[in-house]
Amino acid sequence: MKKAWLCAAAGLVLLVAPPVQATFQFNFENPGEGQEVSGITTISGWVFSTTGNPVSVQLFVDGAPTQTIPCCGSRLDVQRRVTGAPANTGFGLLQNYGLLSPGPHTIGVKFTASGEADQLVTHDVIVAKPGGRSGENAATFFSFLNNLVIGDARVAVDSDTDELIVAPVSVEDAGAPDGSGLTRQATLRLRWERSLQSFATVKAGSDNSFAAVQQIFTNRCATSNCHVTGGTAPMSLSAGQAFGNLVPIKSTEIPNMFRINPGDDDASYLYQKIIPNPTIMIVGNRMPLGCSGFSCLSESEIQTIEDWINNGAPPPQ
């Protein structure tokens, strides 16, 4: 009788034993954390459950679920280097980042498998959108480009960031609401992205902020035979001439610096020449020439130029 009771108790223990806890092994490869993204590229990586149960993957954009990401395809490279990995672990989906507004976003993938708690992994990204402007209908304007013309562009290498600066380019939108196909001018920065194995647009300036900058140049710089077409200064800042003499052109006073380095005011020599406390040793005097006190550019004028530079130094529109 006692032996039978012990056997029954043992059977009860077996019945209520906790299930094996599964864990996900994964790598959310693309986009990487903090990556600048643009155009149509792949959201990809690999995942498997240690229980061997099938895994489903769902895409999240800015905290909201969007669609299922196909999983799981052959990744023999993962099987060779990750202990316990099956042959089929890869997931991937084409994402059009043009559907998002320029600036910061969060891209996430959620893994689900039977017997395991869901796991959401997110990466913060920065969307670069040629032709796009913050605050516009992100799903309508410049979500897909008919064309990007670089025939009149100047190309320079920023050796500090290992990026190409291309300006001005003409960007044609394929999705304008009236079907007309909007065209805007843009300044682009391109960088080799290892995860994509190609060059990608990492910054794009396409707003209309240069108009206010040109007004400052016209009122304060392209005057009195100074930085004016036909004037005594070597660099004209007259309307129709200023952008072409600044972006992306190296300074003659400090040849290793750009006059305007799109996206970086500290690395823009013109900006260093107009602020009261430059972070580098400039050649000659602060500009405008002979400025002192109220005759120098005002704080608001300097801020306007600084904002234009840091917004990507977009061309005249």
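1. Helices (H or I, at least four residues) and strands (E, at least two) are DSSP runs, numbered from the N terminus. This is a predicted model, in which local features need pLDDT of at least 70 and side-chain atom pairs count only at pLDDT 80 or more, while totals for chains, interfaces and linings use all residues. Residues are numbered from 1 along each chain as its sequence is written, and side-chain values use heavy atoms, with hydrogens and water left out.

2. The second largest pocket holds about 350 Å³ of space, and of its 20 lining residues Pro102, Val127, Ala204, Gly205 and Asn311 are the closest to its centre. Strand S9 (116-127) and strand S14 (198-205) are the elements that give two or more residues to this lining, and S14 supplies the largest share, four residues. A pocket here is an open set of points on a 1 Å grid over the protein atoms alone, where a 1.4 Å probe fits, with protein on both sides within 12 Å along at least five of seven lines; lining residues have an atom within 4 Å of a point. Grid points are joined across faces, edges and corners, and a volume is the space filled by probe spheres set on the points.

3. Threonine 279 is found in the loop between helix H5 (269-274) and helix H6 (299-310), and counts as exposed because its relative accessibility is 58% (exposed means over 50%, buried under 20%, partly exposed in between, with a 1.4 Å probe and protein chains only). Leaving aside neighbours within four places in sequence, threonine 279 is in contact (heavy atoms within 4.5 Å) with Asp266 and Gln272.
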